[in-house]
Structure formats: structure tokens, C-alpha cells
Amino acid sequence: MLLSRGQEVSLFTLSLLSNSNPKRNLKPNKAKSTSMRAAQTILRSLSLSLHHNHYHLLHHRRRVLLRSISLLTPSPYLAFSSSGNRTRRLPPLATSALPASTLVENLPDETDSDVVRENWDFSPHSEDEIFSFDASCESTDLKHLNSASLEVPELEELPELWRRSKLAWLCKELPAHKSATLIRILNAQRKWIRQEDATYLAVHCMRIRENETGFRVYKWMMQRHWFRFDFALATKLADFMGKERKYIKCREIFDDIINQGRVPCESTFHILIVAYLSSPVQGCLEEACSIYNRMIQLGGYKPRISLHNSLFRALVSKPGGSSKHYLKQAEFIFHNLATSELEIHKDIYGGLIWLHSYQETIDKARIASLREALQAAGIEESKEVLVSILRACSKEGDVEEAERTWLKFSHCDGSPPSQAFVYRMEVYAKVGQPLKSLEIFRGMQEQLGSTSVVAYHKIIEVLSKAQEMEFAESLMKKFMESGLKPLMPSFIDLMDLYFRLDLHDKLELAFSQSLDKCRPNRTVYNIYLDSLVKIGNIEKAEEIFNQMLNNGAIGVNTRSSNTILSGYLSSGEYVKAEKIYDFMCQKNYDIEPPLMEKLDYVLSLTRKVVKKPMSLKLSKEQREILVGLLLGGLRIESDEERKKHAICFEFNERLETHSILKRYVYDQYHEWLASMIKPIDGSDDISYRFVTVSHSYFGFYADQFWPKGQPVIPKLIHRWLSPRVLAYWYMFAGYRTSSGDILLKLKGSQEGVERIMKAFKAKSLDCKVKRKGRVFWIGFLGSNSTWFWKLVEPYILDGLRDFLEGSGKSSGRMLETQAVNFESQSDSDEVASDCSDHHNS
């Protein structure tokens with residue numbers, strides 16, 4: 001969640017009131033007495049009185065000012081140790097979940113807000129459904145969790161007056177400073193401060209809900225020679241950080257506990273899992289599953305039913321194609337619910353059946369047992385369960401079970417969902433009855449009064465594979481007239497039908513129509529290229545291949561390269577064939593064996609030996625693209641000796657710009673990629689994550705951008721900010737706001753950001769900088785965005801111009817516009833603040 005502008009102004013106003021005029025919002029007749037109480041409160045903050053009423057008076061103003069951004073701090077209570085000395089026990093964790101305002105304040109520290117745009121990627125995932133999980137069975141309450149008891153001596157018990165005074169001063173000063181200043185203040189106290197003193201400071205910070213300051217004090221303690229691990233302190237701090245959804249810091253303390261040979265408390269496991277589940281960052285769900293498994297296997301704890309349900313819901317909250325990989329984890333949760341004799345919600349059964357229906361190999365026995373368990377529990381099968389059964393039947397071609405399931409829809413309220421019709425069509429297509437599928441499609445139109453895009457895709461696919469050309473063409477015409485999109489999958493099926501029937505004129509017409517109706521697609525170009533080579537039109541085939549090669553949004557792959565190579569060899573154009581051969585060696589494309597035999601003969605005629613793959617070396621374009629992507633957040637992984645390094649390409653599957661960019665980047669670095677992650681020949685299914693081979697050639701980039709496993713902005717970055725570098729930085733980690741401004745995301749230090757700003761100024765580009773958590777945003781506002789666009793436009797991929805050129809053309813951008821408000825004072829520019837919190841603390 002992000003602060004709206006109205007909230008930002010209110011928080012900024014509150015901070016001004018707390019620092020300047022505390023009487024501004026009070027009634028006039030009470031101004032004088034309130035002023036006196038405020039003055040007394042400030043004086044009492046130095047003495048830290050133990051009296052209960054004094055404590056409430058001491059924190060009254062602070063509670064009022066922080067009411068909108070944090071939980072109210074419960075009153076501390078006194079406890080007596082076995083020796084009879086008075087000690088202060090840290091108040092228990094607040095029993096309710098954090099309010100929205102607290103999450104608003106803290107979530108940006110851990111997550112990078114990404115805009116969610118409409119996904120037009122035509123992978124199978126685009127037709128997946130999301131399981132609807134009943135949120136009423138999910139709860140993340142944290143009451144009565146077992147946690148360690150933390151007790152610390154009172155300040156007045158210290159014999160030295162000077163020590164009490166210094167600790168009181170530190171209690172007041174530390175929360176008011178940022179990380180770098182806080183570390184300097186603590187370093188100045190190294191001569192006298194002890195473990196007990198630092199523990200008191202951390203506890204005091206947690207008591208007044210300055211948990212970030214408490215964490216920094218704790219990390220500073222760990223670097224001292226006198227540090228002794230305190231399990232209770234670590235547990236309380238981890239719990240507080242997790243409740244604020246700062247899962248990175250909570251996990252850091254969690255790992256400290258594990259490394260000390262201790263088992264974290266149940267509360268720490270529970271809160272850390274909830275913190276991970278609250279984050280949209282990729283990889284957090286996997287970490288939550290890992291902590292959940294360790295909670296049971298390492299800690300021997302029995303999680304609450306609410307935690308089981310929350311984790312299960314997260315597993316099925318993604319489209320089926322993505323969620324199907326979590327089947328084993330979902331089964332493990334189900335097993336734990338059953339063995340703990342907890343009530344199993346109906347959506348747990350339904351979610352498991354839903355996950356099983358998306359597997360490549362359907363486990364009929366397991367699905368049958370889950371349905372029996374549903375019946376035994378007296379739960380009726382919902383529409384979603386019935387649709388899942390039909391999906392499983394469509395993969396197996398089980399007509400009998402599909403029809404039995406279809407009859408059950410008559411007992412449900414309303415008409416069957418459109419997905420049910422689609423899966424029933426697929427069942428009959430599987431057993432070779434395409435006309436029955438067509439009958440179901442027409443019945444869907446009559447019963448529902450409309451037809452979904454997925455239904456059109458499926459029926460045209462079924463009829464094309466069955467070579468029912470007239471029906472397929474008729475439906476394709478209606479599909480185009482309906483105005484529904486996307487049309488591309490159906491164009492691909494129809495063109496593939498024409499190719500198999502040698503109807504090359506119709507194929508060319510369909511190719512032209514696809515270019516008019518849709519964005520360019522590599523699969524469509526490959527089918528057309530195959531057709532041109534097959535009919536011997538090599539000149540036109542060469543033209544199409546060059547278009548693909550020069551258009552970054554399309555690109556060429558192993559299939560298209562082998563196709564044009566076969567065309568050159570069959571037409572006797574051996575010189576061009578040798579050039580394509582050299583190109584394929586450079587890109588590390590596999591050459592088909594029959595073509596390799598012909599190549600051996602051709603190369604022997606020119607007295608050449610078949611070349612071995614060329615030595616790997618980055619071209620100038622590849623080097624510039626790499627620098628731009630590294631500025632945008634690309635990672636480099638190094639071995640322990642830092643001799644070999646691998647580039648980790650990670651793209652966000654929710655962003656359409658990334659779905660286009662990943663294809664071009666994949667093609668650019670194809671020769672560097674590990675063979676295990678290359679798709680099957682002819683497949684365009686490219687993963688959103690791929691890694692290069694580990695190679696010493698990347699050592700320069702690792703030393704410059706990731707010297708110690710953390711992102712760093714090189715000192716010589718001003719020499720490398722070419723227009724192409726800026727273009728790929730913009731395409732990978734930037735966007736244009738609805739007002740036309742251009743923002744670039746950057747991770748690094750304050751000093752590095754200043755170097756980049758100076759480089760932009762040297763190019764006559766003025767920019768502003770905002771810091772959100774650990775991320776800097778560089779903004780080109782007004783006319784500066786126009787000049788920036790003119791600079792990078794020649795290097796922007798054709799498929800991305802519509803998203804990056806005009807304002808407001810991509811959905812979801814208003815969300816991030818609110819996240820980075822360069823005009824809001826409450827977002828206060830933090831360029832002067834230190835960025836390396838984790839290095840110092």
C-alpha cells in the first residue's frame with residue numbers, strides 16, 4: 001500500500017506539530033495548561049519515571065501524534081525477578097493486526113512497487129483461471145502466541161548517575177536520527193557502553209514503537225566484542241519487525257537465532273510467514289512455504305488453522321498454470337490439517353482438486369478420494385469443483401465422467417460458467433469428435449447469449465487441427481467481427497492449417513490480416529517464412545527474415561534460422577548459406593542434421609573446414625544493453641572465489657513491457673545462456689527468468705556493479721550513459737506517468753545517485769530524485785521528459801513505443817504515480833540520507 005497525497009500532507013502536518021507548536025490544534029482556553037503539561041512531559045522524558053501515571057503523561061502527546069500511523073503503546077508493567085530487583089518487562093505484542101496506516105508507512109521499505117498492466121502475453125497462462133478462496137476462513141490474528149519473556153533492569157537501578165543520564169539522552173536522541181547519524185552517535189559511546197546498556201536502548205525503542213531504531217541498535221550491538229546473544233531480545237525484535245511487515249529484517253534476526261543453535265519461538269515463525277504472505281514481491285511465497293515447513297519439522301510446532309488457511313490461499317491465488325507447481329506444498333498443508341484434527345474448510349478440498357486438474361498427468365485416484373472426502377463431510381461440490389473435474393477430463397479424454405459432471409451443473413444455481421463449455425469441447429476434441437465440439441460451442445452461444453474469447457480460441461483450434469477448414473474460416477470471420485481480442489492465437493491455428501493443406505495464398509492473406517489486427521508475432525512470421533521457403537520464393541523469404549532480424553519485438557530464433565538456411569541451400573545460394581551458418585554459430589543455434597550434411601559438402605567446395613563455435617565475446621550493443629539492465633536492477637551471481645560470474649535475467653510477468661523486452665534480450669544473449677534453460681526448437685515459450693553460463697568475461701561488470709553481492713553504482717558511470725544504455729534502463733525499470741513525466745528506478749548509494757544526476761546535467765537534462773525505501777526514483781518532469789524521450793527514442797523497441805511514448809496509454813500507471821510524488825513534501829527528498837542501512841547496521 002502506498003500513501004495518498006492527502007495522507008502524506010496529514011502526516012507531514014503532524015510531524016510539524018510535534019516539532020514546533022503543540023498548541024495549534026488545542027482549544028484556546030486549554031492552551032496554557034496544555035503547554036505546561038507539554039513542558040513537564042519533555043523534562044520527565046529524561047528521568048524515565050517508573051510511576052504508572054507518570055508514564056502515561058510522558059507519552060500522551062506522542063500517542064496523540066502517532067495515532068494515525070502506529071498502534072497505541074500499551075502501558076508497561078512492573079515485574080520482580082527472583083532476586084527481588086525491580087525490572088521492566090517489555091509489553092506484549094499488540095494483539096490486533098497492524099492498521100492500514102502502519103502498513104502504508106512501512107511496506108515501501110521492503111518492496112518495489114510495480115505497476116500491474118494488462119497482460120497480452122499469449123502463453124497458455126493467459127487462459128488460466130484463479131481459484132476463488134473464501135477469505136472468511138482466513139485470519140492472521142496473533143493472539144496468545146508463545147513468545148519469549150524479555151526483562152531488563154530499570155534505569156534508576158544503575159549506580160552511576162552519569163550512565164543514567166547518557167542512556168536517557170540516547171533514548172531521546174536515537175529515534176530522531178537516520179541510520180548514518182545513529183551509527184555515528186553509537187560509535188561515539190563505545191568507550192563506556194555495555195551489553196546491558198545497549199539492550200535497554202533497544203527495549204526502550206521497541207516500547208515506544210521505534211522498532212526500526214531498535215533494529216539498528218541491535219545490529220550495532222552484534223558488531224561489538226562484548227556482544228552476547230540474547231534470545232529474548234532477538235525474539236521480541238523479530239516479532240515487532242514482522243508485525244510491521246518488514247520481512248527482510250525479521251528474517252535476518254530469525255536467521256541469527258537459527259545460527260546460534262536455537263529454535264525460534266512459535267510467534268516468530270507465525271509472524272514471519274504472515275509478513276512474507278503480505279508482500280507481492282516475487283519469491284516471498286516460496287520463502288513463506290520454507291518457513292512453514294521448518295516451523296513444523298524443526299520447531300515441532302502445530303500452526304494455527306488460520307495460518308494453514310492463509311498459506312493455502314496464497315498458493316491458489318495465482319493463475320492455475322503458475323500455481324500447479326505448488327501441489328506438493330498444498331498436499332503437505334492438507335496433511336497437517338488432517339493429522340492435527342483441525343476443521344478442513346471446503347475450499348481446501350476444492351483448491352486441491354483445482355491444483356490437480358492443472359497437472360500434466362492427472363491423478364484420478366487422488367481426485368476421487370478428495371471428492372469422497374467432500375461428500376463424507378456433507379459438502380456439496382461447488383461450480384469451481386465441477387469445472388476442475390471437467391478440466392481434468394479434458395486432459396484425459398474421459399467423456400463418461402465429463403458428461404456425469406456436466407449433468408450436476410443442472411443442480412447448481414444459474415448457468416454453467418463459460419469455462420465448463422470450453423473444457424467439454426476439449427473432451428470431445430480429444431476423442432476425435434470436432435463436430436460435437438462445434439455443437440457444444442453453438443449451445444454455449446444459445447444458453448449464455450454470448451461467447452468468450454477463450455471459447456473462440458478453443459473451437460478454432462479444434463477445427464483447425466481436424467482440418468475442418470470451412471467451419472474454422474466461418475468462425476474466424478465472426479470472431480474478427482465481434483471485436484473481441486486477442487485474435488493472434490486463432491490466426492496461428494488457421495495459418496498452420498493452411499500450411500498443412502498447402503494453401504499458401506490463403507496463408508499469405510491470413511498473415512496480412514494478422515498484421516492489420518494484431519501486433520507482430522514471431523510464430524506468425526515463422527509460419528509465413530516456412531511457407532515462402534516451401535514454395536521456393538527465397539527472395540521474399542529473405543526479406544521477411546531480415547524484417548524479423550531488424551525488429552527487436554519479433555527477432556529470429558533457431559527455427560527461423562534453419563528455415564532460411566534450408567532455403568539458401570535448396571536454391572544453391574551457398575554464399576548466403578555460409579553467412580547464415582556463421583550467424584548461427586555466433587548465436588549458438590543448433591543446426592538440423594540434414595542441413596549440416598549439406599553444409600559439409602558446401603564448405604568442402606570452398607576448401608573450408610566446418611567451424612567450431614566462436615569464442616564468446618560481447619558486442620558493443622550487448623555491452624550497452626547489459627549496462628542499462630544493470631542500472632535497472634539486473635543481478636549478477638558470483639562463485640566463492642569471484643572468478644566466474646553469471647548474469648541473472650529476471651522479468652516481471654505482470655508487465656506487458658517485460659513480456660516483449662524479455663524476448664529481445666533472450667535473443668541478444670542466446671549464445672551466453674545455459675543450454676538447460678533454452679526452449680525446445682521451434683518453441684517461443686521463453687521463461688521470465690533465465691541465467692547465462694558462469695563465465696570470467698562478466699568479471700568487469702561484477703566488480704563494477706556487484707562488488708560485494710550488493711548493487712553499486714560505478715564511479716565511472718558517467719562515461720557509459722549512452723542513449724542505448726538509457727533506453728534499456730527505461731524499458732526495463734522505468735515508466736511514463738499519466739502527466740507525461742518519465743521515472744527511472746535505481747538502487748544504490750546516495751553518492752552514486754549524485755554521480756548519475758551530474759551526468760544527466762552534463763547532457764542538459766534536469767531531473768529530480770525521490771527515495772522510497774531502498775529504491776531511488778529519478779524523475780524527468782515537464783519538458784525534460786520530452787528531451788529524454790528524443791534521446792532514447794531511436795533505441796526503443798517497436799513493440800514498446802506505444803507504452804513508453806504517450807502518457808496514460810498503459811493501465812495501472814496512476815498507482816505508481818501516487819507512489820512517487822515529486823511535489824509532495826511528506827515524501828521528503830532523502831538523497832542526502834544514507835542508503836546503506838544494511839551495511840552499517
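**Figure 1. Glu212 and Lys249, two buried partners.** In this predicted model, Glu212 is buried, and Lys249 is buried too. Their side chains meet in a salt bridge, with N and O 3.4 Å apart. Glu212 belongs to helix H9 (residues 211-222) and Lys249 to helix H11 (residues 247-259), so this pair ties together parts of the chain that are 37 residues apart in sequence.

**Figure 2. Glu381 and Arg371, a loop joined to a helix.** Here the side chains of Glu381 and Arg371 form a salt bridge, at 2.7 Å from N to O. Look for Glu381 in the loop between helix H18 (364-376) and helix H19 (383-396), and for Arg371 in helix H18; the two are 10 residues apart, and the pair links distant parts of the chain. Glu381 has a relative accessible area of 15%, so it counts as buried. Arg371 is buried as well, with a relative accessible area of 12%.

Figure 3. The closest N and O atoms of Glu573 and Lys576 are 3.3 Å apart, and the two residues form a salt bridge. How accessible is Glu573? Its relative accessible area is 27%, which makes Glu573 partly exposed. Lys576, at 31% relative accessibility, is partly exposed too.

Figure 4. Let's return to Glu212 and Lys249, which meet in a salt bridge. Together with Arg216, Glu244 and Lys246, they are joined into one network by salt bridges that share partners. Across the model, the count comes to 40 salt bridges. As a general idea to take along, side chains of opposite charge can pair when their charged atoms come close.

Conventions: Residues are numbered from 1 along each chain as its sequence is written. This is a predicted model: local features need pLDDT of at least 70, side-chain atom pairs count only at pLDDT 80 or more; totals for chains, interfaces and linings use all residues. Side-chain values use heavy atoms; hydrogens and water are left out. A salt bridge is a side-chain nitrogen of Lys or Arg within 4 Å of a carboxyl oxygen of Asp or Glu. Helices (H or I, at least four residues) and strands (E, at least two) are DSSP runs, numbered from the N terminus. Buried means under 20% relative accessible area, exposed over 50%, partly exposed in between (1.4 Å probe, protein chains only).
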